[in-house]
Amino acid sequence: MSIGVPYRYQTTDRERPLIAAEDAETTNQLEALLTALSLATSRYQIEPDRTEPPAGDTVVVCGPKSAPIGADLLSRDPALAMTEDDGRSWIEQREDGTRIGSPSDEPTPQSADVAYVARHVIDNCVIVHIAGIHGIGSLGAAHYLRAHLADVFRQVGQRPMSLVVRATYDGLTITDSELAAGPYVW
């Protein structure tokens with residue numbers, strides 16, 4: 001199973017791609033989880049113009065702003081969406097418009113973030129999509145999946161689904177993670 005994270009571009013004397021520390025650690029955590037499940041893994045980078053996942057089963061760690069692939073996968077979800085309002089991003093329940101925002105964006109910020117997690121089946125391939133409001137949210141999603149993947153699987157099986165994870169952190173260390181909404185089977 002391949003694991004992809006987005007390049008972030010830094011412009012100094014020349015434009016260079018780099019991977020955020022949160023994304024690198026998310027990859028490490030997902031790789032450990034998949035290896036524990038006896039799955040072989042590989043890594044790839046998601047370029048800012050990438051529209052398609054690689055062939056085969058994959059994990060796409062990418063929000064809708066990082067690359068079109070993130071926006072496309074989100075658009076396929078009938079239960080949840082990511083929206084932006086007045087410069088702030090939200091995970092929104094399509095049915096009733098309930099929004100979940102990052103606690104780190106509150107007027108009194110907290111060391112916490114939220115992330116979207118979905119399981120798609122496209123062309124007989126499993127695509128797991130993770131998109132934190134901020135990069136640390138994706139790491140929180142990996143933390144949650146490492147502890148609760150069996151529980152989620154018992155609830156949804158192999159069906160497409162999505163959920164929202166809330167996680168607290170200290171630096172790059174996730175201190176706790178919990179289900180904030182879902183899972184929604186579709």
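In strand β10, the residue bridged to V121 is V126.

First, the conventions. This is a predicted model, in which local features need pLDDT of at least 70 and side-chain atom pairs count only at pLDDT 80 or more, while totals for chains, interfaces and linings use all residues. Numbering runs from 1 along each chain as its sequence is written, and side-chain values use heavy atoms, with hydrogens and water left out. Helices (H or I, at least four residues) and strands (E, at least two) are DSSP runs, numbered from the N terminus. Two strands pair if DSSP finds at least two bridges between them.

Back to the hairpin. β9 and β10 are antiparallel and share eight bridges. Two residues lie between these strands, and D123 in the turn has a positive phi of about 50 degrees. β9 also runs antiparallel to β11, again through eight bridges. Within that pairing, R119 has M161 in β11 as its bridge partner, and A118 stands opposite S162.

Is β9 mostly covered or mostly open? It is mostly covered, with 10 of its 11 residues buried; buried means under 20% relative accessible area, exposed over 50%, and partly exposed in between, with a 1.4 Å probe and protein chains only.

Now the sheet these strands belong to. It is open and mixed, with seven strands in the order β4-β1-β5-β10-β9-β11-β12. From one strand to the next the twist averages 20 degrees; axes are lines fitted to C-alpha atoms, for helices over the stretch in contact, and angles run from 0 to 180 degrees between N-to-C directions.

More on α1. Its 16 residues reach 23 Å from first C-alpha to last, close to the 22 Å expected at 1.5 Å a residue; the expected span is 1.5 Å times one less than the number of residues. Which residues of α1 are buried? They are D23, T26, T27, L30, L33 and L34. These cover an arc of only 130 degrees around the axis, so they sit on the same side of α1; the arc is that of the directions from the helix axis to the C-beta atoms. Just after the helix, S38 takes a positive phi of about 65 degrees.

Next, the cores. A nonpolar core is a set of buried Ala, Val, Leu, Ile, Met, Phe, Trp, Tyr and Cys residues joined through side-chain atoms within 4.5 Å. The largest has 21 residues, and L30, V59, V117 and I130 touch the most other members. α3 gives the largest share of this core, six residues. Leaving aside residues up to four places away in sequence, L30 touches I3, V59, V61, I130 and A142. Another core, of 13 residues, lies apart from the largest one and includes I91, I100, V114 and Y116.

Last, the other sheet. Three strands in the order β6-β7-β8 make an open, antiparallel sheet. Its edge strands are β6 (80–85) and β8 (99–101), and its twist averages 35 degrees from one strand to the next. β6 pairs with β7 (residues 88–93) over six bridges, with D85 opposite R88.

Definitions and conventions: Contact means heavy atoms within 4.5 Å.
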